[in-house]
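Please open the structure in your viewer and keep the sequence panel beside it. The stops below say what to select next and what is to be found there.

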Amino acid sequence: MISFTLCLLALVLGYAIYGKVVERVFGPDDRITPALSKTDGVDFVAMPNWRIFMIQFLNIAGTGPIFGAIMGAKFGTSSFLWIVFGCIFAGAVHDYLSGMVSMRKGGIGLPEIIGKYLGGKMRVAMLVLTVFLLMVVGAIFIYSPAVILSNLVGDLVFWIVVILVYYLIATLLPIKKIIGHIYPLFGASLMLMALAMLIMLYVKNPSIPEIWDGLGNKAMEHSSSWKDNIFPCLFIVISCGAISGFHATQSPLMGRCMKSERQGRPVFYGAMITEGIVALIWAAVGSYFFYAEPQPGYEVLPQVGNNGFSTPAPQVVNLICNNWLGVVGGALAMLGIVAAPITTGDTALRSARLIIADFIKVEQRTIKRRLIITVPLFLCTFSLLTWQINNPDGFGILWQYLGWFNQCLTAITLWTLTVYLVVHHKTYFITYLPALFMTLVCATYFFVSGQLLGLQPWLGYSLGFAVFAVVWVMFKVWYNRFKENESTN
């Protein structure tokens, strides 16, 4: 628990110290924000700072920092370090700058930002990738909570229809009508769930692995069937809580609601640090469940069954919450497993509507114009959902590719932000170094992961480093040309 406590303090200090560094690099000022200059009562709506923070937190969090952290904990204490360093130096920087650049550019969405700094072809490519990613998120987070609810009461089709109708309403209505009212409540509940787990961790004080016990792959030591290497797999498994490209699609939503640029650090950087704390707590819970001494949690908790080390993350949440918190814990677990993914799915589709609207230049003040985009968007999402239901491995396949697509989006967003900082003569290393790292992660994962190409390690890692080198050289060539053009002009 010493490592966990030190990591927890590091996240808090990261916000207080490095958060100010990043804020100083960007330089927020007192200019009029899109929430005030483009007020439309639908998407550009000024809201109180606390409400924006809670919505942003739930937008980016959902079940990601819970399930991902539990699965990542199988790798060992390396998960603690990735959450801390990834969150402070990459994820929070990524979320803050993507939101702030959007505000500076009139509240535009992520593909428009990418197109502005990486070119028109990349803009189109990112439109396709981003919208597809958001539809996959929507489809997954219709299906997974519907399955859980159908096991309690009603049937699967009923709950799918209910959630789909809710998504449609939340996507169409002004942001204050539903999201602005219920998200702060769900966000507070998710924080309460994490706080309760934090208190119980210190009350129980389990003997979990410490960082100085070794950063090796404990999963491989524990299970002969475990094939995933820490690099790059850990950095794909734990995205929310460390760094996630999905967040860059969500930050502009709240950037359209801020009355001042100076709200950016507590909202964007602060929400990501808060998510990192939630992820760290659940990584510690996962460490207890899989590796506590003298007996791991799955050996002493009732109703684990025969899954043991292979217990799915949602079941781990259920077991721990019920065992440590009783009836209240069971209710919080249900909230986390059902409500959190639903609140991720609805903002994913809302964000997709706005991204498409930005691309085709269709204003969104009237319900008719919102329907023009929303109806085809939901038909495509429904098609993905139908395929997922009819394919026995549909959920698993979508979930596998979602993680990699998500981190590819992260790398591209970081390169975009790096170009922005270079062009505006700001310290670009704060995004340049994370961009290099995430490029290497995504490239090597593509070649070595059994979920994708699954090549022999020596070949996969060689090709991954080759792609990384090509991207690095491309940036250096662009950077040198940019500096030459500046000097001649």
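Begin by selecting residues 313-360, which form helix 16: this helix has 48 residues, yet its end C-alpha atoms are only 40 Å apart, short of the 70 Å that a straight helix would reach at 1.5 Å a residue. Helices here (H or I, at least four residues) and strands (E, at least two) are DSSP runs numbered from the N terminus, and the expected span of a helix is 1.5 Å times one less than its number of residues. Centre the view on Leu325, where helix 16 bends by about 150 degrees; the bend at a residue is the angle between axes fitted to the seven residues ending there and the seven starting there.

Before going further, note that this is a predicted model, in which local features need pLDDT of at least 70 and side-chain atom pairs count only at pLDDT 80 or more, while totals for chains, interfaces and linings use all residues. Residues are numbered from 1 along each chain as its sequence is written, and side-chain values use heavy atoms, with hydrogens and water left out.

Staying on helix 16, select Ser351, which lies in this helix and is buried, with a relative accessible area of 2%. Buried means under 20% relative accessible area, exposed over 50%, and partly exposed in between (1.4 Å probe, protein chains only). Apart from its neighbours within four places in sequence, Ser351 is in contact (heavy atoms within 4.5 Å) with Leu134, Thr249, Gln250 and Leu253.

Lys361 sits in the loop between helix 16 and helix 17 (367-390) and is exposed, with a relative accessible area of 64%. For another case, move to His425, in the loop between helix 18 (394-423) and helix 19 (429-448), where phi is near 55 degrees, again a positive value in a residue other than glycine; His425 is exposed, with a relative accessible area of 55%. Most residues other than glycine have a negative phi, and most peptide bonds are trans.

The next two selections concern peptide bonds. A cis bond joins Phe231 and Pro232, with omega about 10 degrees, and Pro232 belongs to helix 12. Six of the eight residues of helix 12 (residues 230-237) are buried, so this helix is largely enclosed by the rest of the structure; the buried residues are Ile230, Pro232, Cys233, Leu234, Phe235 and Ile236. The peptide bond from Glu293 to Pro294 is also cis, with omega near 5 degrees, but Pro294 is placed in the loop between helix 14 and helix 15 (297-300).

Now zoom out to the whole chain. The protein has 20 helices and zero strands. Its radius of gyration is 22 Å, close to the 23 Å that the globule rule gives for 489 residues, so the protein is as compact as a globular protein of that length; this radius is taken over C-alpha atoms, and the globule rule is 2.2 Å times the number of residues to the power 0.38. Along its principal axes the C-alpha trace spans about 70 × 50 × 40 Å, and buried residues make up 60% of the 489 residues.

What lies in the largest nonpolar core? This core has 163 residues, and those with the most contacts inside it include Tyr167, Met254 and Trp282, while helix 14 (residues 264-291) gives the most to it, with 18 residues. A nonpolar core is a set of buried Ala, Val, Leu, Ile, Met, Phe, Trp, Tyr and Cys residues joined through side-chain atoms within 4.5 Å. Select Tyr167 and look beyond its neighbours within four places in sequence: its contacts include Phe141, Ile142, Pro341, Leu349 and Phe378.

Glu210, in the loop between helix 10 (179-204) and helix 11 (218-222), is buried with a relative accessible area of 11%, and, leaving aside its neighbours within four places in sequence, Glu210 is in contact with Met1, Ile2, Ser3 and Thr77.
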